[in-house]
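Dear colleague,

Please find below the structure that I am handing over to you. My notes on it follow directly after.

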Amino acid sequence: MNFSSVSKPVYRSPDGLPTDICIFTITSEPRKDTKNKSLPERKLKILLIQRDPSSDRFPGYWAFPGGFSTEHETLDACAERELREETHILNENVHIEQLKAYYTPGRDPGGWIPTVAYYALVNEKSLSGLKADDDAVDARLFTVEEALSMKLAFDHNRILEDALKRIQEKMLQTNIAKEFLPEEFTLSELLQVIETVVPTYTVDRSNFEKKLVGTKTRKGIIEVARDSQDRIKYSNEYSQNKAKLYRFTDYVPFLTIY
């Protein structure tokens with residue numbers, strides 16, 4: 001057999017491979033409906049950028065920040081770069097993970113362009129310098145409900161739905177709540193963060209501490225905060241009575257469905 005006569009397959013490369021980043025944060029605002037000390041009003045929000053109205057692809061639409069990867073960087077490096085360019089966060093550690101790849105014919109009018117989506121969890125204090133990058137006319141935080149009701153560019157509505165589902169799963173299965181909390185926090189603050197991300201989550205508040213600190217499968221995830229003299233630390237910032245302060249440990253429990 002003459003192998004030189006066998007035709008070789010020709011593979012066409014996509015026109016480019018971008019990353020898109022779903023950047024979530026939780027904002028906190030003092031409550032206006034009470035003069036007593038209380039937890040702030042917390043809302044889960046997503047960062048969107050407004051595309052240039054003169055663009056030939058989804059002009060003026062709101063979308064996730066993102067951009068094309070270069071041949072000299074990994075996708076993770078591209079996502080990290082785009083995150084920092086859009087948020088202007090410099091040295092802070094940010095929780096960022098790959099979500100999945102997306103492609104359906106025609107998702108991008110510019111050509112055959114898949115995308116790899118990431119999600120990031122950013123503390124609101126790190127977004128104080130938020131401003132639009134060069135390729136956008138505006139950058140703004142929207143509540144997740146607002147964003148889901150909008151017609152976003154490309155297939156970003158679908159990506160948002162998937163990213164929201166993923167962080168809700170992670171919120172109940174891992175310790176990612178710490179990304180939205182100070183280093184030391186009360187159990188009421190922790191519970192409020194969980195409920196902000198997962199509104200359907202229900203728990204007997206009186207048993208929340210026992211469930212989290214006392215049960216065998218969860219014991220060790222958090223610990224009581226102590227001062228330099230090993231005394232338990234308390235806070236009354238959000239309540240009339242002092243409440244214990246806790247901090248997350250590095251322990252990640254191994255859980256099984258069996």
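How many helices and strands does the secondary structure of the protein chain comprise? The chain has five helices and eleven strands. Please bear in mind throughout that this is a predicted model.

**Overall description**

The C-alpha trace of the protein chain spans about 80 × 50 × 35 Å along its principal axes. The chain has 258 residues, of which 40% are buried. Its accessible surface amounts to about 15500 Å², and carbon and sulfur atoms account for 49% of that area. Of the contacts between residues at least 6 apart in sequence, 63% join residues at least 24 apart.

**Salt bridges**

A search of the whole structure returns 14 salt bridges.

The side chains of Glu189 and Arg42 form a salt bridge, at 3.8 Å from N to O. This pair links distant parts of the chain, with Glu189 in helix α4 and Arg42 in strand β2, 147 residues apart. Both Glu189 and Arg42 are buried.

Arg81 and Glu85 form another salt bridge, their closest N and O atoms being 3.6 Å apart. Both residues belong to helix α1 (residues 75-87), where they are four residues apart, about one turn of the helix. Arg81 counts as partly exposed because its relative accessibility is 27%. Glu85 is likewise partly exposed, at 29% relative accessibility. Arg81 and Glu85 also take part in a network of salt bridges that includes Glu73 and Glu82.

Why does Arg247 count as buried? Its relative accessibility is 19%, and the cut-off for a buried residue is under 20%. Glu184, with a relative accessible area of 21%, is partly exposed.

**Surroundings of Arg247 and Arg226**

Strand β11, in which Arg247 lies, covers residues 246-248. With neighbours within four places in sequence left aside, the contacts of Arg247 include Glu183, Glu184 and Phe185. Also among them are Ile221, Ile222, Glu223, Val224, Ala225 and Arg226.

Arg226 is located in the loop between β8 and β9. Arg226 is partly exposed, since its relative accessible area is 38%. Beyond residues up to four places away in sequence, Arg226 touches Arg231, Ile232, Lys233 and Arg247. The C-alpha atoms of Arg226 and Leu245 are separated by 8.2 Å, the two residues being 19 apart along the chain.

The side chain of Arg226 also reaches the backbone oxygen of Asp230 at 3.0 Å. Asp230 lies in the loop between β8 (222-224) and β9 (234-235). Although Asp230 is not a glycine, it has a positive phi of about 65°.

Phe58 has a positive phi of about 50° and is not a glycine. Its place is the loop between β2 (41-51) and β3 (62-63). Phe58 is buried because its relative accessible area is 18%.

Which side chain of opposite charge is nearest to Glu179, and how far away is it? It is Lys178, at 5.0 Å. Glu179 is buried yet has no salt bridge; the limit for a salt bridge is 4 Å between a side-chain nitrogen of Lys or Arg and a carboxyl oxygen of Asp or Glu. Glu179 is found in the loop between α3 (156-173) and α4 (187-197). Apart from neighbours within four places in sequence, Glu179 is in contact with His95, Leu121 and Asn123.

With kind regards

Conventions:
Residues numbered from 1 in each chain as written. Predicted model: local features only at pLDDT ≥ 70, side-chain atom pairs only at ≥ 80, totals over all residues. Heavy atoms only, no water. Helix = DSSP H or I, 4+ residues; strand = E, 2+ residues; numbered from the N terminus. Buried < 20%, exposed > 50% of the residue type's maximum accessible area, 1.4 Å probe, protein only. Lys, Arg positive; Asp, Glu negative; His and termini not counted. Contact = heavy atoms within 4.5 Å. Areas by Shrake-Rupley, 256 points an atom, 1.4 Å probe, with all protein chains shown as cover. Polar contact = N/O pair within 3.5 Å; in protein donor to acceptor, adjacent residues only side chain to side chain.
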